[in-house]
Amino acid sequence: MRTNKYTVRIDKEACIGCGVCNELAPKIFTSDNEMKSELRQDAEIDEKLLLKAAEECASGAIVIIDNETGEQLWPKND
Ligand code: SF4
C-alpha cells in the first residue's frame with residue numbers, strides 16, 4: 001500500500017499477531033484469519049500513526065519505505 005510519503009507492507013513471516021498495531025491504529029490495521037496483521041484496503045492512513053505503529057511493533061513486521069529516497073525507515077537495519 002502506498003501513501004503520499006510511504007510504501008508500507010506487513011511482513012507476515014515476522015508478524016506474531018500480538019495486536020499492538022491494531023490497538024494503536026484500528027483504522028489502518030486489521031487481522032487476517034491467522035490473527036496476523038493486515039492493512040485495511042480502505043485505510044485512510046495517518047502517516048504519523050503509521051510510523052508510530054511500526055516503531056511499536058516489536059517484531060519489525062511493519063515495513064515502511066520512504067517513496068522519495070527508497071530508504072527503508074522501519075524496521076531499522078542497524
Ligand atoms: S504489532 Fe507487529 S507483530 Fe504485532 S500484530 Fe502488528 S505487525 Fe504483527
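A residue is buried if 20 or more other C-beta atoms lie within 10 Å of its own, exposed if 12 or fewer, and partly exposed in between, with C-beta atoms placed from the backbone. Ile62 has 27 C-beta neighbours inside 10 Å, so Ile62 counts as buried. This is a predicted model: local features need pLDDT of at least 70, side-chain atom pairs count only at pLDDT 80 or more, and totals for chains, interfaces and linings use all residues. Residues are numbered from 1 along each chain as its sequence is written.

**The sheet**

- Helices (H or I, at least four residues) and strands (E, at least two) are DSSP runs, numbered from the N terminus.
- Two strands pair if DSSP finds at least two bridges between them.
- Three strands form an open sheet, in the order β1-β4-β5, with antiparallel pairing.
- β1 and β5 are the edge strands, as each pairs on one side only.
- From one strand to the next, the twist averages 30°.
- Axes behind such angles are lines fitted to C-alpha atoms, for helices over the stretch in contact, and angles run from 0 to 180 degrees between N-to-C directions.
- Strand β1 (residues 6-10) and strand β4 (residues 62-66) run antiparallel and are joined by five bridges.
- Across from Thr7 stands Ile65 in β4.
- Two bridges pair β4 with strand β5 (residues 72-74), again in the antiparallel sense.
- Ile64 has Trp74 in β5 as its bridge partner.
- The hairpin of β4 and β5 has five residues between the strands, and Gly70 takes a positive phi near 80° there.
- In a regular strand the side chains alternate between the two faces of the sheet.

**The nonpolar core**

- A nonpolar core is a set of buried Ala, Val, Leu, Ile, Met, Phe, Trp, Tyr and Cys residues joined through C-beta atoms within 7 Å.
- The largest nonpolar core holds 14 residues, of which Leu50, Ala53 and Ile62 touch the most other members.
- At least two residues of this core come from each of β1, α2 (47-56) and β4.
- With three residues, α2 gives the most to this core.
- Helix α2 lies across β1, β4 and β5, and runs at about 130° to β4.
- In soluble globular proteins, nonpolar side chains tend to be buried together.

- Two residues are in contact if their C-beta atoms, placed from the backbone, lie within 7 Å.
- Ile62 sits in strand β4.
- Leaving aside neighbours within four places in sequence, Ile62 is in contact with Val8, Ile10, Cys21, Ala53, Ala54, Cys57 and Trp74.
- Ile62 and Trp74 are twelve residues apart along the chain, yet their C-alpha atoms are separated by 6.9 Å.
- Ala53 touches Cys21, Leu24, Ala25, Ile28, Phe29 and Ile62, not counting residues up to four places away in sequence.

**Around the ligand**

- A residue is near a molecule or strand if its C-beta atom, placed from the backbone, lies within 6 Å of it.
- There are 13 residues around the ligand, and Cys15, Cys18, Cys21, Ser37 and Cys57 come nearest.
- The shell has nine nonpolar residues, four polar and no charged.
- For this count, Ala, Val, Leu, Ile, Met, Phe, Trp, Tyr, Cys and Pro are nonpolar, Asp, Glu, Lys and Arg are charged, and the others, Gly among them, are polar.

**Loop residues**

- Asp11 lies in the loop between β1 and α1 (20-24).
- Asp11 counts as partly exposed because it has 15 C-beta neighbours inside 10 Å.
- Not counting residues up to four places away in sequence, Asp11 touches Ala61 and Val63.
- From C-alpha to C-alpha, Asp11 and Ser37 are 8.8 Å apart in space, and 26 residues apart in sequence.
- Asp42 is in the loop between β3 (37-39) and α2.
- Asp42 has 6 C-beta neighbours inside 10 Å, so Asp42 counts as exposed.
- The C-alpha atoms of Asp42 and Lys27 are separated by 8.7 Å, with the two residues 15 apart along the chain.

**Backbone details**

- Met35 is not a glycine, although it has a positive phi of about 70°.
- Met35 is in the loop between β2 (29-31) and β3.
- Met35 is partly exposed because 13 other C-beta atoms lie within 10 Å.
- A cis peptide bond, with omega near -10°, runs from Trp74 to Pro75.
- Pro75 belongs to the segment after β5.
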